[in-house]
Amino acid sequence: MLSRSGASPTLAPCWYTRRHVPAGARSRDADGVVTCTCRHCGRRIRSRERGQWDLAEGVDLDALQERSRTGHFCVVDTLDGMVIARYPIAMDADEAWIRTKMQEISAEYDVPASGGELQIRIVPGRRDSRLKH
């Protein structure tokens with residue numbers, strides 16, 4: 001029987017579940033973000049809130065919200081942890097415009113048919129406004 005000398009690598013549990021488990025030394029930066037290594041895949045992960053760990057490389061929507069002056073919609077692939085698209089929210093946008101734009105984006109990406117894999121998130125930014133998105 002033939003066998004390969006180099007066994008193929010197995011996939012880590014977090015690849016299937018998209019839930020990373022922290023392990024090893026943790027460090028906290030000035031913004032309060034905790035980073036460490038995932039126990040299963042060995043990649044750098046970060047957490048802003050206890051219990052939710054995301055890959056450290058990539059777009060951090062919470063940090064983007066804190067630094068952005070204007071709001072925008074983000075179409076997010078939750079399984080891959082990726083921002084697929086961003087759409088700006090006009091400074092003078094009212095709730096009706098936001099609802100309409102959200103429906104257009106939802107139809108464009110067929111969000112309801114994705115079974116929760118795709119989400120539209122509103123990142124409000126730090127502008128002074130009486131509207132809450």
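Biologist: Where is the place of Ser47?
Modeller: This is a predicted model, and in it Ser47 belongs to strand β3, residues 44-47.

Biologist: Is Ser47 buried or exposed?
Modeller: Ser47 counts as buried, because its relative accessibility is 6% and the cut-off for buried is under 20%.

Biologist: And which residues does Ser47 touch, not counting those up to four places away in sequence?
Modeller: Ser47 touches Gly32, Val33, Val34, Gln52 and Trp53.

Biologist: Gly32 is on that list. What phi does Gly32 take in the hairpin of β1 and β2?
Modeller: Gly32 takes a positive phi near 90 degrees. The hairpin has five residues between its strands.

Biologist: How many bridges join β1 to β2?
Modeller: Four bridges join strand β1, residues 22-28, to strand β2, residues 34-38, and the two run antiparallel. As an example, Ala23 has Thr37 in β2 as its bridge partner.

Biologist: Let us turn to cysteines. How many disulfides does a search of the whole structure find?
Modeller: The search finds zero disulfides. Cys36 is in none, and the nearest cysteine sulfur, that of Cys38, is 8.1 Å away.

Biologist: What about Cys38, and how far away is the nearest cysteine sulfur?
Modeller: For Cys38 the nearest cysteine sulfur is that of Cys41, 3.7 Å away, and Cys38 is in no disulfide either. A disulfide requires the two sulfur atoms to be within 2.5 Å.

Biologist: Are Cys36 and Cys38 buried or exposed?
Modeller: Cys36 is buried, with a relative accessible area of 0%. Cys38 is buried as well, with a relative accessible area of 3%.

Biologist: New topic, the sheet. In what order do the three strands of the open sheet come?
Modeller: The order is β6-β5-β7, with antiparallel pairing. The edge strands are β6 (82-88) and β7 (118-123), each of which pairs on one side only. From one strand to the next, the twist averages 25 degrees.

Biologist: How many bridges join β5 to β7?
Modeller: Strand β5, residues 72-77, is joined to β7 by six bridges. Within this pairing, Phe73 stands opposite Ile122 in β7.

Biologist: Is Phe73 buried or exposed?
Modeller: Phe73 is buried, with a relative accessible area of 0%. Phe73 also belongs to the largest nonpolar core, which has 11 residues in all. Other members include Val75, Tyr87, Ile98, Val111 and Ile120.

Biologist: Which elements each supply at least two residues of this core?
Modeller: They are β5, β6, α3 (95-109) and β7. In general, nonpolar side chains in soluble globular proteins tend to be buried together.

Biologist: What is Val111 in contact with, leaving aside its neighbours within four places in sequence?
Modeller: Val111 is in contact with Ser106, Leu118 and Ile120.

Biologist: Which residues does the second, separate core include?
Modeller: That core has seven residues, among them Ala12, Val34, Cys38 and Trp53.

Biologist: How many aromatic pairs does the count come to?
Modeller: The count comes to one aromatic pair. The ring centres of Phe73 and Trp97 are 6.4 Å apart and their planes are at 40 degrees, so the pair is tilted.

Biologist: What parts does the pair tie together?
Modeller: Phe73 lies in strand β5 and Trp97 in helix α3, so the pair ties together parts that are 24 residues apart in sequence.

Biologist: How does Trp97 count by relative accessibility?
Modeller: Trp97 counts as partly exposed, at 32% relative accessibility, whereas Phe73 is buried.

Notes:
Residues numbered from 1 in each chain as written. Predicted model: local features only at pLDDT ≥ 70, side-chain atom pairs only at ≥ 80, totals over all residues. Heavy atoms only, no water. Pairing = 2+ DSSP bridges. Axes fitted to C-alpha atoms, helices over the stretch in contact; angles between N-to-C directions. Buried < 20%, exposed > 50% of the residue type's maximum accessible area, 1.4 Å probe, protein only. Contact = heavy atoms within 4.5 Å. Core = buried A, V, L, I, M, F, W, Y, C linked by side-chain atoms within 4.5 Å. Phe/Tyr/Trp six-rings, centres within 6.5 Å; stacked < 30°, edge-to-face > 60°.
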